[in-house]
Amino acid sequence: MQKLLSAIASRLVIIVPYAWLLIFFLIPFLIVFKISLSTSAISMPPYTPAFEGIGTWLESARKFTVDNYVWITEDALYAKAYLSSVIIAAVSTVLTLLLGFPLAYGMARAPQSIRPTLLMLVILPFWTSFLIRVYAWIGILKPEGLLNQFLLWTGVISEPLQILNTHTAIFIGIVYSYLPFMVLPIYSTLEKMDYSLIEAAQDLGCPPITAFWKITLPLAIPGILAGCLLVFIPAVGEFVIPDLLGGSRTLMIGKTLWSEFFNNRDWPLASAVAIILLLLLVVPIVLFQNAQARAQEAGK
Amino acid sequence: MTRSTLFMTAVSVLAFGLAAGQASAQERVVNVYNWSDYIDESILADFTKETGIKVVYDVFDSNEILETKLLAGGTGYDVVVPTGTFLARQIQAGVFQKLDKSKLPNISNMWDKIEARTDKYDPGNQYSINYMWGTTGIGYNKAKVKEALGTDQIDSWDVVFKPENIAKLADCGVYMLDAPAEMIPAALNWLGKNPDSKTAEDIEAAQAALEAIRPSIRKFHSSEYINALANGDICLAVGWSGDVFQARDRAAEAKQGVEIAYSIPKEGAQMWFDQMAIPADAPHVAEAHEFLNYIMKPEVIAKASNYVFYANGNKASQKLLDQAVIGDPAVYPDEATTDKLFTTTPPDNKEQRLMTRAWTRVVTGQ
Amino acid sequence: MKSLGSIRKSFAPWSDPDAKPYIVFRNVTKRFGDFTAVDDLSLTIFEREFFALLGASGCGKSTLLRMLAGFEEPTAGEILLDGQDLRGVPPYRRPVNMMFQSYALFPHMTVEKNIAFGLRQDGMPKPQIAERVAEMLKLVKLEKFARRKPHQLSGGQRQRVALARSVAKRPKVLLLDEPLGALDKKLREETQFELMDLQQDLGLTFVVVTHDQEEAMTMADRIAVMDHGKIKQVATPPEVYEAPSSRFVADFIGNVNLFEGPVSEVDPSGATIRGADGFAIHAANAGTARKDETAWFAIRPEKIRITSQQPEGAGPNSIDGEVWDIAYLGDMTIIHVRLDSGKVIRASMINSARGSDNPLTWGDRAWISFAPDAGVVLTN
């Protein structure tokens with residue numbers, strides 16, 4: 001009896017993550033997928049067929065259409081939006097990595113006693129609203145903003161730079177907002193790393209820089225990958241930062257999705273855009289998981 | 001309505017929420033969902049004093065958000081305030097219930113001229129009453145425009161739609177509404193075409209006109225221009241009258257020497273109407289009617305207009321308005337100007353896509 | 001004093017005044033803030049020597065090793081290797097290699113790559129690297145594991161990879177930081193001999209840091225016993241054991257019984273100590289003891305005889321007490337005898353005959369006795 005109970009209990013423990021995935025990922029995904037196969041209509045909800053219950057399921061399934069997907073592939077605008085989102089996200093990710101890695105490295109090599117403080121400083125911005133922080137950048141980057149005033153004052157420039165409403169502003173915004181997501185996983189891998197590995201490499205004839213490339217960097221790859229994904233994936237679908245900091249010329253899929261959903265009230269098309277976006281993001285996740293599995297294989 | 005609950009989970013990108021509070025059975029409540037900064041709050045207190053009905057007041061700041069909630073259903077709101085073009089589609093979608101005019105004796109106070117125009121969105125004004133109305137025109141920074149153009153009086157769309165004119169303002173900053181339903185009719189009107197036309201040919205023409213001035217537009221956005229104008233960051237914005245007035249007031253309060261003006265160009269401008277309506281699934285229909293009837297009292301709506309500086313659709317209230325409101329041609333345009341104001345009908349799905357696509361091309365330069 | 005002997009009979013450069021030292025620590029001090037890890041220490045190590053630094057944790061032995069490897073610079077003093085001053089020479093330019101206590105194997109590289117790492121770094125041609133790696137794998141008997149990653153190996157195998165990696169470059173000196181610390185007892189004993197063979201075969205100079213005196217005794221040509229950043233004694237294992245220079249060393253190495261008392265007589269035949277435990281001790285070697293000063297007589301447990309009767313003709317160097325504890329360990333038996341003074345003496349007996357019936361049991365009266373040359377007199 002006891003055995004049976006504990007067997008059931010251990011089964012239940014396994015069920016929890018699956019149930020979580022089912023309720024918060026799979027079911028919503030299927031609902032969105034179903035809407036993406038519908039046709040937009042002036043009704044409540046604004047598409048047809050609406051799901052009328054199990055009984056009429058088959059009947060409404062017959063009305064499903066892939067028109068929305070066809071439309072997306074036919075109009076180059078969507079491809080351009082996806083592509084430009086991926087490029088913007090990729091560039092931002094690289095920039096975040098270039099800034100985040102030295103930061104994480106410095107933190108991991110800092111004296112044990114001040115590491116919690118440094119960690120705290122990295123997390124601190126989360127204590128204010130994301131929106132407010134992005135808004136603050138408007139004040140910094142605008143032509144009469146703090147940055148331009150400072151640069152004018154130092155004499156580096158003689159005319160205000162137009163940074164706000166450009167790609168540069170989007171990069172700044174994304175790098176700033178997602179930096180902690182890059183720093184934290186890299187920091188945690190570097191912090192776990194045995195420093196004697198570096199000493200061993202030096203002992204075997206590596207100058208410090210070579211030791212960094214041959215030992216530190218390869219061992220930090222799981223953290224770097226995790227950080228890059230944590231930045232890249234939300235950055236692809238980012239809406240707020242390009243909306244507030246970017247110029248109108250910036251074509252990003254998040255904004256396209258928003259306008260399909262809100263401006264056009266075209267929920268089915270917006271759902272199709274979202275499904276494709278999701279598939280687009282699943283690829284790097286799968287690659288990452290493969291890399292993780294391989295790292296596990298090679299692991300500590 | 002369980003379907004919509006599931007639906008909300010699906011589209012979790014959006015912040016849905018059941019804002020309206022639950023009240024006990026005995027207490028009479030009305031849940032009102034209105035635009036932010038759009039009422040003198042003492043009106044709500046007075047209503048409760050007079051009727052004993054508690055007002056749960058919640059605000060939104062975009063028609064799109066309101067519409068998404070309404071189309072998903074189950075909002076719990078009793079009174080909502082969509083703009084006419086949105087209202088029209090929402091009525092078609094079955095979002096609202098017909099008003100019981102027998103419970104709205106004050107409807108006799110309404111202004112027939114406005115009713116004649118809102119009839120286009122709400123045939124027979126069966127579903128809604130007008131709360132406020134305004135125009136889509138040009139807001140500008142007087143000093144900066146004078147510096148660039150040599151005059152601080154703008155009276156024509158030429159300033160916006162002639163590329164050589166707008167180019168002179170490009171450096172000091174031009175914003176435009178990110179709304180095809182506003183900008184395409186404005187372009188068509190300037191081109192001398194029917195602003196309500198939705199033919200592919202006309203939309204293409206509007207697109208071309210807008211693309212010609214695209215290089216001079218710093219940003220397309222439907223709310224940021226309020227701050228940008230008020231702070232003196234830009235010198236011109238095509239925007240909604242009420243928003244420009246808000247920018248004007250903020251600039252005046254800040255005392256930084258920024259003076260904002262609003263112009264209804266002589267070629268005419270689009271009129272917009274914010275309509276009060278009752279959702280089909282409103283939980284407190286009787287209270288909602290009482291609220292609408294109260295709003296239509298001349299002294300109440302006059303108080304609201306005096307507070308927010310918008311024109312209202314209540315004829316009887318006009319003698320009670322402050323001179324600063326009724327006497328301002330930007331708020332209550334004269335007869336000649338009013339005749340030039342136009343309205344548009346909502347596009348169907350195909351037309352909507354056509355317009356959005358044209359608009360995206362203009363905005364992104366793709 | 002003449003050396004009591006060493007494992008390699010012919011190898012004793014330290015007793016040859018003409019021998020050239022290979023590694024020299026001269027008045028080396030290392031401070032970390034307020035803490036002095038190594039305190040004005042001088043030491044010479046000879047080529048091809050197997051040298052052990054022995055001490056409790058925190059005694060400064062690892063710091064000494066790390067200074068030799070180049071990971072730390074001395075605060076004062078100098079370190080010479082083969083006549084070259086090592087000051088300012090970074091670790092990657094020193095002709096020494098280290099085997100780390102944690103092994104520090106690169107987790108992302110195979111066994112092969114780990115071993116080849118230093119060779120590649122030196123730009124050795126590929127065929128030669130392959131040859132050397134194969135040779136090393138053979139040396140540590142890991143030929144079959146060349147393609148494994150460190151996490152796929154057992155603790156003993158990892159230790160051997162670390163060893164192979166550190167000797168692959170044929171360093172002048174191999175530094176070993178607690179090389180056997182992570183292995184279980186049986187493996188440790190086996191590996192001790194392997195290490196000794198390896199050192200002989202390769203003809204390298206080994207400097208090993210350990211806290212395990214047995215390990216040091218087994219492997220080293222000489223042992224330096226360290227305490228608080230200073231060296232207490234440098235000598236061969238038999239010397240350190242049989243002739244400790246201080247109570248600290250006597251106590252640190254193996255077990256010892258100490259009898260304290262004033263020196264009543266010093267003459268050519270030795271010294272007599274009036275033991276506080278109620279009996280006189282006559283030691284054949286007076287050491288540095290002087291009359292009327294306090295001295296300690298140190299004697300190892302296995303040098304003490306235990307009998308149930310008073311030994312015949314015994315004058316000094318014997319006393320009786322009560323059998324307090326008996327521990328049978330298989331190869332020997334440990335007996336604790338409590339003297340009337342309350343002091344407990346530890347004695348051990350080899351169980352040379354199988355099932356030898358020990359007449360002694362708990363509570364019995366027993367006599368302990370020892371020869372005059374069985375222990376040493378210590379004065380500090």
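Trainee: Which residue does B:Asp328 form a salt bridge with?

Mentor: B:Arg248. The closest N and O atoms are 3.8 Å apart. Keep in mind that this is a predicted model.

Trainee: How many salt bridges are counted between domain 1 and domain 2 of chain B?

Mentor: The count is one salt bridge. For polar contact, the rule finds three residue pairs across that interface, both residues at pLDDT 80 or more.

Trainee: Which helix gives the most to the domain 1 side?

Mentor: Helix α4 of chain B, residues 84–93. It gives three residues to the side that touches domain 2. By type, the residues of that side of domain 1 divide into seven nonpolar, one polar and four charged.

Trainee: Back up a bit. Where are the domains in chain B?

Mentor: Domain 1 covers 29–133 + 272–332. Domain 2 covers 135–270 + 345–364. Their C-alpha centres lie 27 Å apart.

Trainee: And how many residues are in contact there?

Mentor: 12 residues of domain 1 of chain B, with 18 residues of domain 2. The area buried between the two domains is about 1,200 Å². Carbon and sulfur atoms give 55% of that area.

Trainee: Which residues of domain 1 lose the most area?

Mentor: B:Arg89, B:Trp272 and B:Ala330. Together they make up 43% of what the domain 1 side buries.

Trainee: New topic: chains C and A. What area is buried between them?

Mentor: About 2,000 Å², with 62% from carbon and sulfur atoms. The contact takes 23 residues from chain C and 23 residues from chain A.

Trainee: What about salt bridges and polar contacts between C and A?

Mentor: The count is one salt bridge. C:Arg66 forms it with A:Glu199, and the closest N and O atoms are 2.5 Å apart.

Trainee: Which residues other than glycine have a positive phi?

Mentor: B:Asn125, at about 45 degrees, is one of them. C:Glu178, near 45 degrees, is another. B:Asn125 is in the loop between α5 (112–118) and β4 (128–141) of chain B. C:Glu178 is in the loop between β7 (173–177) and α5 (185–202) of chain C.

Trainee: Is C:Glu178 buried or exposed, and why?

Mentor: Buried, because its relative accessible area is 7%, under the 20% cut-off. B:Asn125 is buried too, with a relative accessible area of 10%.

Trainee: Last one. What does B:Glu290 touch?

Mentor: B:Arg28, B:Phe47, B:Thr51 and B:Ile53, not counting residues up to four places away in sequence. B:Glu290 is in helix α13 of chain B, residues 285–295. It is partly exposed, with a relative accessible area of 31%.

Conventions
Residues are numbered from 1 along each chain as its sequence is written. Chains are lettered from A and ligands numbered from 1 in the order in which they are written. This is a predicted model: local features need pLDDT of at least 70, side-chain atom pairs count only at pLDDT 80 or more; totals for chains, interfaces and linings use all residues. Side-chain values use heavy atoms; hydrogens and water are left out. Domain bounds come from an automatic or database domain assignment. Contact means heavy atoms within 4.5 Å. Buried area is the accessible area (1.4 Å probe) that two parts lose on being put together, summed over both. A salt bridge is a side-chain nitrogen of Lys or Arg within 4 Å of a carboxyl oxygen of Asp or Glu. A polar contact is a pair of N or O atoms within 3.5 Å; within protein, one must be able to donate a hydrogen and the other to accept it, and residues adjacent in sequence count only if both atoms are side-chain atoms. Helices (H or I, at least four residues) and strands (E, at least two) are DSSP runs, numbered from the N terminus. Ala, Val, Leu, Ile, Met, Phe, Trp, Tyr, Cys and Pro count as nonpolar, Asp, Glu, Lys and Arg as charged, and the others, Gly among them, as polar. Buried means under 20% relative accessible area, exposed over 50%, partly exposed in between (1.4 Å probe, protein chains only).
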